[in-house]
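Open the model in your viewer and keep the selection tool handy. The stops below run in order.

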Amino acid sequence: MTSPSQNHARVIPLRPQEPEPAPEPREPLWRDLLGDVLRQERLAQERTLKEVAETARISLPYLSEIERGRKEASSEVLGAAARALGLGLGGLLTRVQTEYTRRQAAPNTHRGMCLAA
């Protein structure tokens, strides 16, 4: 028979863990920036995905994927999308650069919609 003191497991206190360093802020992905800029411009013009896709001669699902940052589009497709929105490829790239700079200045901003009360 064992005594009651032998039935208890020995508790070993853990050392306090060092806090993990904060991860380095991740640079935004090109496709996310580009998609956000295309969507912002399309919405500013109050146009639908269908309208822009038809004008650019891009399939609607593909343009949607580009806007959501899920596809890497060729320069030809990007140029067509930019022209459909009344921008040149250079204008689109300039806007993407501006968006990149804005996000680097405020790296903790979240991607997505912001609802104000």
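Start with R26, in the segment before α1. Helices here are DSSP runs of H or I with at least four residues, numbered from the N terminus. R26 is exposed, with a relative accessible area of 67%. By definition, exposed means over 50% relative accessible area, buried under 20%, and partly exposed in between (1.4 Å probe, protein chains only).

A word on the source. This is a predicted model, in which local features need pLDDT of at least 70 and side-chain atom pairs count only at pLDDT 80 or more, while totals for chains, interfaces and linings use all residues. Residues are numbered from 1 along each chain as its sequence is written, and side-chain values use heavy atoms, without hydrogens or water.

Color by pLDDT, the predictor's confidence in each residue from 0 to 100. The protein averages 85, and 82% of the residues score at least 70. Select 113-117: the pLDDT there is below 50, and the stretch has zero contacts (heavy atoms within 4.5 Å) beyond near neighbours in sequence. Where pLDDT is low, predicted coordinates should not be read in detail.

Next, the core. Which residues have the most contacts inside the largest nonpolar core? Select L34, L38, I58, L63, L92 and V96; the core has 22 residues. Such a core is a set of buried Ala, Val, Leu, Ile, Met, Phe, Trp, Tyr and Cys residues joined through side-chain atoms within 4.5 Å. Helices α1, α2 (49-56), α3 (60-67), α4 (75-84) and α5 (89-105) each supply at least two of its residues. The most come from α4, with six.

Zoom in on L38. Leaving out residues up to four places away in sequence, L38 touches I66, E67, A81, L85 and L92.

Move to α3. L63, S64, E65, I66 and E67 are buried there. The buried residues of α3 pack against α1, α2 and α4. After α3 comes G69, with a positive phi near 75 degrees.

Now check two loops. Most residues other than glycine have a negative phi. E46, in the loop between α1 and α2, has a positive phi of about 55 degrees. E46 is exposed at 72% relative accessibility. R57 sits in the loop between α2 and α3, and its phi is positive too, about 60 degrees. R57 is exposed, at 79%.

Finish at W30, in helix α1 (residues 30-44). W30 is partly exposed, with a relative accessible area of 39%.
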